[in-house]
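Subject: Structure handover

Hello,

Here is the structure we spoke about handing over.

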Amino acid sequence: MNQIIAKKATAFALMFGAIIGIISLVPYFIGLALFVLSFFSSVLVILYMKKDEKHLSYLTNEQGAILGGLIGFFATVGFCATFSPMVGIIHLIFKNYYSYAIPDLLHSALWLFFVLVFMVGIIFALINSVSAMGLVWILNHIQKEPENVDARLDIKIED
């Protein structure tokens, strides 16, 4: 796996986390959104990247685990970067909106907010690493292994 794939996966994970954060503003969907964020964000991003093999072609189990951890951490960061300010804004407009104590945490203990986001990001990275490794294992049984698996780049650059 190279840096280009890691940067694309990071960008897709941040966008996916932001989308999940916007969906989570509806209180009925927050449980489902956190479940998807914690277990299936790496699966969905890897499947999107493997669609038509435009961004990603073949992965080993080790590469899948690394990519899943990256996706899990940055999807959590994208979720918190979108969800937290929007909850604060909605709480300013509608006083009866449940704010999950985020405005108070941002106002009085900003350092604790960043520690919580970082620790939850690490936990979700570990969970998504396992789910991505399982997905790659299943996909490797379905598709045939290419001849040059140990090649440095797994994308084609044509001039």
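Predicted model: local features only at pLDDT ≥ 70, side-chain atom pairs only at ≥ 80, totals over all residues.

Overall fold

The protein contains 5 helices and 0 strands, so its order along the sequence reads simply as α-α-α-α-α. Its C-alpha trace spans about 60 × 30 × 25 Å along the principal axes. Of the 159 residues in the protein, 42% are buried.

Cavity

Counting cavities of 30 Å³ or more gives 1. The largest cavity holds about 30 Å³ of space. Its lining consists of Ile-46, Lys-50, Leu-59, Val-136, Leu-139, Asn-140 and Gln-143. Two elements, α2 (residues 30-50) and α5, each give two or more residues to that lining. The largest share, 3 residues, comes from α5. Sorted by class, the lining of the largest cavity has 4 nonpolar, 2 polar and 1 charged residues.

Second largest pocket

The second largest pocket has a volume of about 260 Å³. Its lining is made up of 15 residues, and those nearest the centre of the pocket are Phe-79, Cys-80, Leu-116, Val-117 and Val-120. The elements giving two or more residues to this lining are α2, α3 (61-93), α4 (102-108) and α5. By class, the lining of the second largest pocket divides into 13 nonpolar and 2 polar residues, with no charged ones.

Surface patch

Which residues make the nonpolar surface patch of about 630 Å²? They are Trp-111, Val-115, Phe-118, Met-119, Ile-122 and Leu-126. One of them, Met-119, lies in helix α5, which runs over residues 110-142. Met-119 counts as partly exposed because its relative accessibility is 43%, and the partly exposed class lies between the buried limit of under 20% and the exposed limit of over 50%.

Where to look

Regards

Note on methods:
Residues numbered from 1 in each chain as written. Heavy atoms only, no water. Patch = residues over 30% accessible without salt bridge, like charges linked within 9 Å, V, L, I, M, F, W, Y side chains within 5 Å. Areas by Shrake-Rupley, 256 points an atom, 1.4 Å probe, with all protein chains shown as cover. Salt bridge = Lys/Arg side-chain N within 4 Å of Asp/Glu carboxyl O. Helix = DSSP H or I, 4+ residues; strand = E, 2+ residues; numbered from the N terminus. Buried < 20%, exposed > 50% of the residue type's maximum accessible area, 1.4 Å probe, protein only. 1 Å grid on protein atoms, 1.4 Å probe; cavity = no way out; pocket = protein on both sides within 12 Å on 5 of 7 lines; lining within 4 Å. Points joined across faces, edges and corners; volume = space filled by probe spheres on them. Nonpolar A, V, L, I, M, F, W, Y, C, P; charged D, E, K, R; others polar.
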